[in-house]
Amino acid sequence: MTAAGRPVLDPATGRTVTHVPDTDPPGVAGAVARAEAAFCDVWADTSPARRAGLLRDLGDLLRQDRDELAALERLDAGKPTARAAGEVDFAAQVADWFAAAARYPVGETHPAGPGMRTYTDRVPVGVCAAIVPNNYPLLLAVWKIAAALAYGNTVVVKPAPETPLSVRRLVGRAGEVLPEGVLRAVYGGAATGRLLCEQPAVGMVSFTGSTAAGREVARRCADGLKPVCLELGGKSPVVVFRDADLDAAARAVVTGFTGNTGQVCVAGSRLVVDRAVHEEFVSRVAELAAELRVGPPGESGTDLGPLISRAAADRTAEVVAQAAARGGRVILPPGRSSVLHDLDGGFFVHPVIVDRVPLDSRAWREEIFAPVLSVATFATDDEALTLAHDTAYGLSASVWTADADRAERFTRALRAGLVWVNTWGDTQETVSVSGLGQSGYGRELGIHAVEGYTRPRAVWVAHRPRR
């Protein structure tokens with residue numbers, strides 16, 4: 001890091017586009033202190049209707065700044081323009097949803113005798129820390145910010161060090177509609193995140209990122225007994241039976257492992273396919289994947305932009321090479337001999353399929369965060385379920401079959417926080433999502449987000465009964 005700050009790279013070229021200084025310890029403490037003061041002095045007494053209106057204003061700002069925010073996402077995250085713009089649209093919808101949720105009734109009234117009223121309600125935790133990853137910088141920041149603000153909290157957000165630009169712009173613009181201190185930002189890497197977690201005034205931490213980093217967040221918060229919401233890694237299976245709509249399934253598989261250049265926590269990175277259709281199906285997936293264009297994110301025909309860093313690209317090539325050395329069959333687009341794609345110094349890789357992958361290889365077991373699909377076959381339903389569960393993660397799973405009974409059995413049996421049947425990747429702001437196992441805990445989006453951003457409280461009110 002230079003005196004000017006941490007370099008922010010364009011992953012499509014490897015060149016530095018700007019520098020953003022890390023927030024130093026006094027700066028982190030100051031941001032939290034200002035957020036705490038805003039909570040105590042202003043936000044805690046702001047009515048739900050007023051919070052709802054301000055969140056609608058935030059959604060309007062996102063729509064007004066759509067092109068600029070998408071350009072920033074393209075610049076430091078390498079997202080193709082259409083994808084980045086779609087994510088800004090989704091973020092605006094999330095702000096709208098939580099504007100409505102701010103006025104949704106919560107709590108219960110309990111039976112009580114004369115002279116007593118008993119009820120439970122939910123109260124905000126105070127200052128929420130939102131720690132955001134580099135794969136969806138703006139969208140996931142808004143998931144956390146909008147929920148926290150809707151339920152009466154203030155927020156300090158920390159974007160990933162690789163992708164601070166859209167969040168920095170959002171926080172700056174939000175200052176035009178939100179009271180001072182209600183939304184603050186800090187910048188930097190893991191050290192900044194640790195400082196944020198350890199601030200006494202932080203009431204909860206919402207973190208999205210790797211499982212290893214999530215464990216560290218949980219440990220840091222344990223001493224302060226702070227609740228955490230952890231949305232972590234995944235190694236998600238797509239189970240395809242011979243009776244499925246194979247064309248539709250193949251399209252979904254390609255989307256599932258190449259979307260956002262594979263940098264998706266719910267990526268369908270493990271294909272578990274019926275042995276009877278294995279060769280036909282893998283060939284179809286390979287054909288569709290080969291049609292995708294890897295290229296500069298600013299060009300309209302680009303499907304896959306770069307990975308976030310040179311290290312990510314090199315790690316992808318290493319994992320694929322290891323699987324090949326141990327017997328996996330590597331399928332690249334025609335005419336390509338390397339996973340790496342040499343283009344203008346950027347961090348590009350080709351979509352790659354590792355067929356008949358060794359089940360003890362990194363390609364099968366690790367979250368690669370790249371467009372790599374690992375393939376294993378099954379002969380029976382029990383074998384398919386065993387392969388689907390051959391992971392410590394439990395974020396998502398997809399099953400493809402025309403058999404309604406089998407679909408119901410697998411829906412019940414699959415240990416994953418999100419399950420798709422004859423579809424993949426559906427997400428909407430009204431549906432709460434979470435993982436199981438090493439994929440974390442806590443809920444984002446939907447009505448259950450209130451559970452993470454508030455604490456339940458029991459209240460007894462004694463009064464003089466009428467005589």
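User: What rules apply to residue numbers and to the values?
Analyst: Residues are numbered from 1 along each chain as its sequence is written, and side-chain values use heavy atoms, with hydrogens and water left out. In this predicted model, local features need pLDDT of at least 70 and side-chain atom pairs count only at pLDDT 80 or more, while totals for chains, interfaces and linings use all residues.

User: Why is α2 called roughly antiparallel to α5?
Analyst: Helix α2 (residues 48-64) and helix α5 (residues 137-150) pack at an angle of about 165 degrees, with their axes 10 Å apart. Angles run from 0 to 180 degrees between N-to-C directions, and axes are lines fitted to C-alpha atoms, for helices over the stretch in contact. Angles over 145 degrees count as roughly antiparallel, under 35 as roughly parallel, 65 to 115 as roughly perpendicular and the rest as oblique. α2 is therefore roughly antiparallel to α5.

User: Which residues make this contact?
Analyst: R51, L55 and L62 of α2 meet L138, V142, A146, L149 and A150 of α5, where contact means heavy atoms within 4.5 Å.

User: What is the make-up of the contact of α2 with α5 by class?
Analyst: The contact has 7 nonpolar, no polar and 1 charged residues. Ala, Val, Leu, Ile, Met, Phe, Trp, Tyr, Cys and Pro count as nonpolar, Asp, Glu, Lys and Arg as charged, and the others, Gly among them, as polar.

User: What makes β3 and β22 edge strands?
Analyst: An open sheet is formed by 3 strands in the order β3-β4-β22, with antiparallel pairing. β3 (108-110) and β22 (454-462) each pair on one side only. Strands are DSSP runs (E, at least two residues) and helices likewise (H or I, at least four), numbered from the N terminus.

User: How do you know that β3 and β4 pair?
Analyst: Two strands pair if DSSP finds at least two bridges between them. β3 and strand β4 (residues 116-124) have 3 bridges, in the antiparallel sense, and so they meet the requirement of at least two. H110 stands opposite T118 in β4.
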